[in-house]
Each structure stands twice: as structure tokens, then as C-alpha cells.
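Please read the points below with the model open beside you. They go through a sheet, the helices and some single residues in turn.

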Amino acid sequence: MASKSKFITEPKTVAVVGCPFRQVLCAFSGGQHRPGVDEGPIHIVNAGIIQQLTGLGWKVQFDGHHQFEDISTESDPPIGKLKNPRLVSKVTEAVAKVVGDHAKQGQLPLTLGGDHSLAMGTIGGTLSKYPDLTVIWVDAHADINTPETTDSGNIHGMPVSFLTSLADSSSVRLISSNEPVPFAWLDSIHLPPSRIAYIGLRDVDAGEKALLREQNIAAFSMHEVDRYGIGQVVEMALDKINPGRDKPVHLSFDVDALDPTVAPSTGTPVRGGLTFREGHYICERIYETGLLVAVDLMEVNPSLKDQDSVKKTVAVGCSLLRAALGETLL
């Protein structure tokens with residue numbers, strides 16, 4: 001049964017924001033080092049997601065993929081450990097504006113990435129409309145490293161720390177004081193750690209585990225999924241961050257949360273993940289609440305596997321999005 005949205009204006013409109021980064025690549029695909037993740041949004045759109053969402057009764061606005069042609073990557077040397085900090089800061093700031101504009105029009109922004117560093121922009125943009133936003137973050141990884149705790153320097157492992165103000169622009173020490181400080185635009189944005197819940201964690205760095213404990217962040221690993229079942233885990237997550245079931249919810253879904261047998265074509269696969277049905281149940285249940293205001297689908301990487309694996313992963317991505325926007329089994 002379709003759920004009436006408490007926040008999205010009728011007639012309900014989903015604004016598809018494709019972020020393949022194709023025109024701004026140099027050595028890295030945005031916040032991570034694995035090439036090909038930029039192609040994921042193109043494959044999902046080509047697979048017919050626009051028509052599929054229209055078939056679910058949504059008015060779909062899609063203005064083409066955002067290429068961010070005006071963002072230069074010619075000179076983006078590391079700052080400390082951070083790789084491509086200027087690029088990621090500029091792109092995520094641009095994404096935040098696009099997503100925020102859609103949200104302010106009463107639309108539901110659906111962002112297709114791209115690596116998960118984009119969530120700084122998507123969630124930052126949604127927060128500009130809904131300051132009491134809550135976030136369900138579905139991922140194998142916590143993505144809460146700071147510039148101090150990161151080993152790799154890949155910013156796709158840091159978006160939650162910037163969103164929750166565990167990291168800010170003061171963490172990014174510039175060699176030259178004459179250039180803009182990367183991520184300064186995020187200093188005015190704050191998602192309280194008490195308003196984010198993880199589901200599906202199973203590959204978490206030691207420094208991230210310490211931060212999760214110190215900040216008392218709701219984090220449900222695959223251990224909890226195995227112990228309680230996905231239905232109870234989703235309710236426990238909502239109870240932690242949205243106990244009155246009255247605040248808006250942003251669903252940020254990294255396909256590597258799924259087991260690699262389900263979604264093999266992703267950049268950082270980790271065995272022992274969510275099943276096909278567990279991933280879909282999360283999407284279905286969040287939609288049922290009537291609180292959903294934004295969705296991200298990240299890290300579909302068509303370059304990493306054979307064509308059958310790519311087709312399988314893209315099909316699963318489309319299916320997750322349909323579930324998140326109202327498709328039901330009956």
C-alpha cells in the first residue's frame with residue numbers, strides 16, 4: 001500500500017540528480033581511487049529508471065547528468081593525506097545547491113553516484129530544507145574517518161565526519177593561505193550524531209569504531225542483522241534517531257552494503273553483506289513511514305566486473321530505487 005508523504009508536495013515529484021563526474025576526472029574518481037564509479041549513474045538511467053519511477057506514479061524531473069564542467073581539476077595536490085580535496089569540496093558544494101534547490105521546491109531529490117563522498121553534498125543540501133533531518137546510512141563502511149584518522153586519504157571514507165562536524169575545514173591545513181579552504185562551505189552545516197543510524201556495517205576501521213563509541217552513534221552491523229533480523233533492526237534504527245516518527249528521513253544507500261553475490265560490480269566489496277531481500281526491506285520500510293525526503297544510491301561501478309555482473313548490479317540498483325519510492329510485492 002502506498003504511503004502518503006508527510007513532506008513531499010503533491011503531485012509528488014522525484015528529481016533525479018545524476019552525478020557521474022565524467023568531465024572533472026583527473027587521477028581520481030572524486031573521493032576515491034577506483035576508476036569507473038563515475039559511470040554508474042549513466043548505466044542506471046540507461047537501464048530505464050526514469051520510466052520505472054514514472055510507472056510508480058511519480059512525476060520525474062531529470063535534466064541530464066551534472067558534469068560540473070566549470071570545476072577545474074588541473075591543480076589539486078594532496079593536502080596532508082587528503083586526495084583531491086579541492087575537487088571533492090567544489091563538487092559536493094555544487095551538489096548541495098542542486099539537491100537543496102529541489103528539496104526547497106517540495107520535490108524528492110534522488111541522487112545517483114558516484115562515490116559516497118557525494119553524500120556531503122546530498123545530505124548538506126537536504127539539511128538546508130529540513131534542519132531536523134535524520135539519516136539512515138546503509139553501507140558496509142562507516143565513512144566516518146577524519147583527516148587525522150584516515151590511512152588512505154580517500155575522502156569517500158570521510159563524509160560522515162564532515163557532516164557531523166567531527167571534521168571541518170580547520171582539519172584541512174593548506175600550504176598557501178591565499179586559496180579558499182576546502183570544505184569551508186560545510187562549517188555551517190551540522191547533522192547531530194544522534195540523528196544518523198547505520199545499517200549493514202562490517203568493514204570498519206579502528207579509528208572509526210572509536211568515534212562511533214565516543215559519539216554514541218546508532219550503528220547496526222551485520223551482527224545485529226543476523227541476531228535480530230532486518231525488520232527489527234530498521235525499527236531499532238528509527239527508534240534511535242526518529243522515535244516519534246515525525247522527522248524527515250534521508251536514505252543514503254551504498255550498494256556495497258549488499259553482499260557481493262547480490263551486487264558484484266562495486267568498488268569496495270566485502271563478503272557477508274545484506275541479502276537482496278534485506279536491502280529491499282530497508283527501502284520498503286523507510287518509504288512506508290511517509291517520512292522519506294531524499295534518496296542516494298552510490299558506488300555502482302560498471303568497470304570492475306564482466307558485463308553480466310554489471311547488468312546484475314545495475315538491475316539491483318534500479319530495483320532498490322523502485323522499492324524506496326513505493327513499489328511493493330503485492
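1. Axes here are lines fitted to C-alpha atoms, for helices over the stretch in contact, and angles run from 0 to 180 degrees between N-to-C directions. Helices (H or I, at least four residues) and strands (E, at least two) are DSSP runs, numbered from the N terminus. This is a predicted model, in which local features need pLDDT of at least 70 and side-chain atom pairs count only at pLDDT 80 or more, while totals for chains, interfaces and linings use all residues. Residues are numbered from 1 along each chain as its sequence is written, and side-chain values use heavy atoms, with hydrogens and water left out.

2. Helix α9 (residues 276-288) packs with helix α10 (residues 307-324) at an angle of about 30°, and their axes lie 7 Å apart. That makes α9 roughly parallel to α10, a term used for angles under 35 degrees. Where the two helices are in contact (heavy atoms within 4.5 Å), Phe276, Gly279, His280, Cys283, Glu284 and Tyr287 of α9 meet Val316, Ser319, Leu320, Ala323 and Ala324 of α10.

3. Helix α10 also holds Ser309, which counts as buried because its relative accessibility is 13%; buried means under 20% relative accessible area, computed with a 1.4 Å probe on protein chains only. If its neighbours within four places in sequence are left aside, Ser309 is in contact with Pro264 and Ser265.

4. Eight strands form an open sheet with parallel pairing, in the order β2-β1-β3-β8-β7-β4-β5-β6, where two strands pair if DSSP finds at least two bridges between them. At the edges are β2 (59-62) and β6 (218-221), each of which pairs on one side only. Neighbouring strands of this sheet are turned by 15° against each other on average, direction ignored. Helix α9 packs on the sheet and touches β4, β5, β7 (249-254) and β8 (292-298), its direction making about 165° with that of β7.

5. Is strand β1 (residues 13-19) buried or exposed? Seven of its seven residues are buried, so β1 is largely enclosed by the rest of the structure. Both faces are covered, with Thr13, Ala15, Val17 and Cys19 buried on one side and Val14, Val16 and Gly18 buried on the other.

6. Strand β1 runs parallel to β2, joined by four bridges, and Val14 stands opposite Val60 in β2. With strand β3 (residues 108-113), β1 pairs in the parallel sense over six bridges, and there the bridge partner of Ala15 is Pro109.

Technical notes
Parallel < 35°, antiparallel > 145°, perpendicular 65-115°, else oblique. Buried < 20%, exposed > 50% of the residue type's maximum accessible area, 1.4 Å probe, protein only.
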